Amino acid sequence: MLPKYTVEYTAKFRKHAQANHYSTDDPVACEEFVEELLERGFALQSIKHEGVNLPKHEFDRIVKTAAGMLASKRICVTLGIKPDEERFRFGFAA
């Protein structure tokens with residue numbers, strides 16, 4: 001049985017690149033994983049849903065959501081505020 005979501009990414013080292021996969025059936029877990037890739041600077045190759053590459057607009061939506069989650073966390077830590085206050089002041093999703 002195919003997992004619902006598979007994220008393909010590359011960890012780049014000085015002269016070597018290793019292709020990796022992360023699979024989950026949970027769309028929120030997929031977004032959280034993409035958030036971690038953004039935070040660590042890994043190259044995101046593709047996101048597949050049931051073995052098929054997501055359409056560009058869905059791929060972009062997941063990346064945008066993950067970027068908002070990352071921005072929210074960084075703002076909360078930097079300003080020492082709670083997610084509710086961050087959402088009210090800056091509007092990112094926590």
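**Ground rules.** I number residues from 1 along each chain as its sequence is written, and side-chain values use heavy atoms, with hydrogens and water left out. Since I'm on a predicted model, local features need pLDDT of at least 70 and side-chain atom pairs pLDDT 80 or more, while totals for chains, interfaces and linings use all residues.

**Fold.** I found three helices and four strands in the protein chain (DSSP runs: H or I of at least four residues for helices, E of at least two for strands, numbered from the N terminus). Along the sequence I read β-β-α-β-β-α-α. I then looked up burial: 31% of the 94 residues count as buried (under 20% relative accessible area; exposed is over 50%, partly exposed in between, with a 1.4 Å probe and protein chains only).

**Rings.** I got three aromatic pairs (Phe, Tyr or Trp ring centres within 6.5 Å, using the six-membered ring of Trp; planes under 30 degrees apart are stacked, over 60 edge-to-face, the rest tilted). Tyr9 and Phe42 are edge-to-face, because their centres are 6.0 Å apart and their planes sit at 65 degrees. Tyr9 is in strand β1 and Phe42 in the loop between α1 and β3, so this pair ties together parts 33 residues apart in sequence. I have Tyr9 as buried at 15% relative accessibility and Phe42 as partly exposed at 32%.

Next I checked Tyr22 and Phe33, which are stacked at 4.1 Å centre to centre, with 10 degrees between the planes. Their pair joins strand β2 to helix α1. Tyr22 is partly exposed at 25%; Phe33 is buried at 14%.
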